[in-house]
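Visitor: Could you walk me through this one? I'd like to go residue by residue.

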Amino acid sequence: MSNLITVIINGQPVEVEKRSYSFQEVITLAFGSYDDSQKSYTMVSTRKNDDGDKHKISYSSGYQIKMKDGMRINVDSTNRS
């Protein structure tokens, strides 16, 4: 039995091995690195529940993101001014 699940990060399918990731780990999956000294990050996930309703959740640094198969995560970065 495989522990891999597929999530969609910034429109790209990504297979992950574990079910819970830190905010910083998801940023690294999205961009290849995490640098909060030069950038600010935002993250929003959406997924459908069993009734077909979409749930939207915003995350910030310090959060743990419980990965669900098929969930969509959009990560954005901006330069700090």
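Visitor: Which residues form the positive surface patch?

Guide: The positive patch is made up of Arg19, Arg47, Lys66 and Lys68. Please keep in mind that this is a predicted model, in which local features need pLDDT of at least 70 and side-chain atom pairs count only at pLDDT 80 or more, while totals for chains, interfaces and linings use all residues. Residues are numbered from 1 along each chain as its sequence is written, and side-chain values use heavy atoms, with hydrogens and water left out.

Visitor: And what counts as a patch here?

Guide: Patches take residues with over 30% relative accessible area and no salt bridge, joining like charges within 9 Å and nonpolar side chains (Val, Leu, Ile, Met, Phe, Trp, Tyr) within 5 Å. A salt bridge would be a side-chain nitrogen of Lys or Arg within 4 Å of a carboxyl oxygen of Asp or Glu.

Visitor: Where is arginine 19 found?

Guide: Arginine 19 sits in the loop between β2 (12-16) and β3 (20-22), where strands are DSSP runs of E with at least two residues and helices are runs of H or I with at least four, numbered from the N terminus.

Visitor: Why is arginine 19 called partly exposed?

Guide: Because its relative accessible area is 47%, and the partly exposed class lies between buried, under 20%, and exposed, over 50% (1.4 Å probe, protein chains only).

Visitor: What about lysine 68, what does it touch?

Guide: Not counting residues up to four places away in sequence, lysine 68 touches Ile5, Thr6, Val7 and Arg47, contact meaning heavy atoms within 4.5 Å. Lysine 68 belongs to the loop between β6 (64-66) and β7 (72-79), and its C-alpha atom is separated by 10 Å from that of leucine 4, 64 residues apart along the chain.

Visitor: Switching topic, is serine 22 buried or exposed?

Guide: Serine 22 counts as buried, because its relative accessibility is 15%. This residue is placed in strand β3 and, leaving aside neighbours within four places in sequence, is in contact with Tyr63, Gln64 and Ile65.

Visitor: And threonine 28, where is that?

Guide: Threonine 28 is part of helix α1 (residues 23-31), and it is partly exposed, with a relative accessible area of 34%. Beyond its neighbours within four places in sequence, threonine 28 is in contact with Ser33 and Tyr34.

Visitor: Last one: what is phi of asparagine 10?

Guide: Phi of asparagine 10 is near 50 degrees, which is a positive value in a residue other than glycine. Asparagine 10 lies in the loop between β1 (5-9) and β2.

Note on methods. Areas by Shrake-Rupley, 256 points an atom, 1.4 Å probe, with all protein chains shown as cover. Lys, Arg positive; Asp, Glu negative; His and termini not counted. Charge placed at Lys NZ, Arg CZ, Asp CG, Glu CD.
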